[in-house]
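Here is a short report on the packing inside one protein model. Look at the structure first, then read on.

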Amino acid sequence: MPEVGRTQGSLLVAISGALAIACSPLSPDPGAVRPPSTGPAASADDGLPAALAAAQRACDADDLSACHEIAEAYREGRIVPRDEARAFHLHERVCAKGFIASCYSVAKAHEQGIGVPQDFARAASLYEAACERPGTELGIAHSCSNLGVLYENGQGVDKDVARAVALYDRGCEGGNLHGCACLANMLSRGEGIARDLAKADILHRRACTGGSLLGCRGLAALEIWKSGMMPDANAALLAQNEKCRAGVALSCYAAALLLELTSKGTPIDLYAKACAAAVPGACAEERRVRQGLRLNQALED
């Protein structure tokens, strides 16, 4: 793989971080910030759907995993109407009893401002406590990776890219695919760590295969640089279109991303071609674009 200069490296990062899935906290839904509920969780005879009644009985018997699942049901609007404030309150109670997955959910709620006012500093503190816990629970790895996001962006903590790299590495090793993709992005641009495109390729591939769209986009971005001739996005788009027509499925994915980055046209056909060739992430991208078009059409009507 050729060496990437400063300008090329910036384009690579722009591509892999384009379209709102990147190593940065998600923006909260403005309508989602509500005061946390202070009442107790519903008991099994409070009209809960049958699918959750058994979980509530287990929760009442201090089964923390069951309590966590009930909170998640309220957060997602699954089985019961969505109630993010109630979900936050339930997760907070379960976290206080030491259930790491709920501690992660409480931190995420503070980070995004869902069910509680947005507070990056509080989120960082909670992620830090969870990340430092011993064990192999996935919530620990998630917390390390998300804390890395805050350090990379200087949100709630002083910006520290070297610390972010270390946290992404720990999250990735613990099984968090977003941490792998974020670490790969840092390796791609040589920030906080020496640039290593070969290792970035391995990590993006691992993340993409596991279902991380950021990983798939990073993998496509690295594919663009294998030809070693990409001074700007327009030149990259032409080259990837040619490779796509020649049957390189990953280049179809890369060309679709570049179309969106440069606003040169609709990428649906390219995503569909990559999806048909089973390129990881391409089918999800095609669905995203189609849903966006349907929404725009509905707004116009």
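Tyrosine 168 touches Cys23, Ser145, Gly148, Val149, Glu152, Gly179, Cys182, Leu183 and Met186, leaving aside residues up to four places away in sequence. Contact here means heavy atoms within 4.5 Å. This is a predicted model, where local features need pLDDT of at least 70, side-chain atom pairs count only at pLDDT 80 or more, and totals for chains, interfaces and linings use all residues. Residues are numbered from 1 along each chain as its sequence is written, and side-chain values use heavy atoms, without hydrogens and water.

Tyr168 and Tyr127 touch the most other members of the largest nonpolar core, which has 41 residues. Such a core is a set of buried Ala, Val, Leu, Ile, Met, Phe, Trp, Tyr and Cys residues joined through side-chain atoms within 4.5 Å. Buried means under 20% relative accessible area, exposed over 50%, partly exposed in between (1.4 Å probe, protein chains only). The helix α9 gives the most to this core, with seven residues. A second, separate core of 29 residues includes Leu213, Ala249, Leu258 and Val289.

Now to helix α14. Helices are DSSP runs (H or I, at least four residues), numbered from the N terminus. Ile268, Leu270, Tyr271, Ala274 and Cys275 are buried in α14. They line one face of the helix, because their directions from the axis to the C-beta atoms fall within an arc of 165 degrees. On the other side, Asp269 and Ala276 are exposed.

After α14 comes alanine 278, with a positive phi near 65 degrees.

Key. Helix = DSSP H or I, 4+ residues; strand = E, 2+ residues; numbered from the N terminus.
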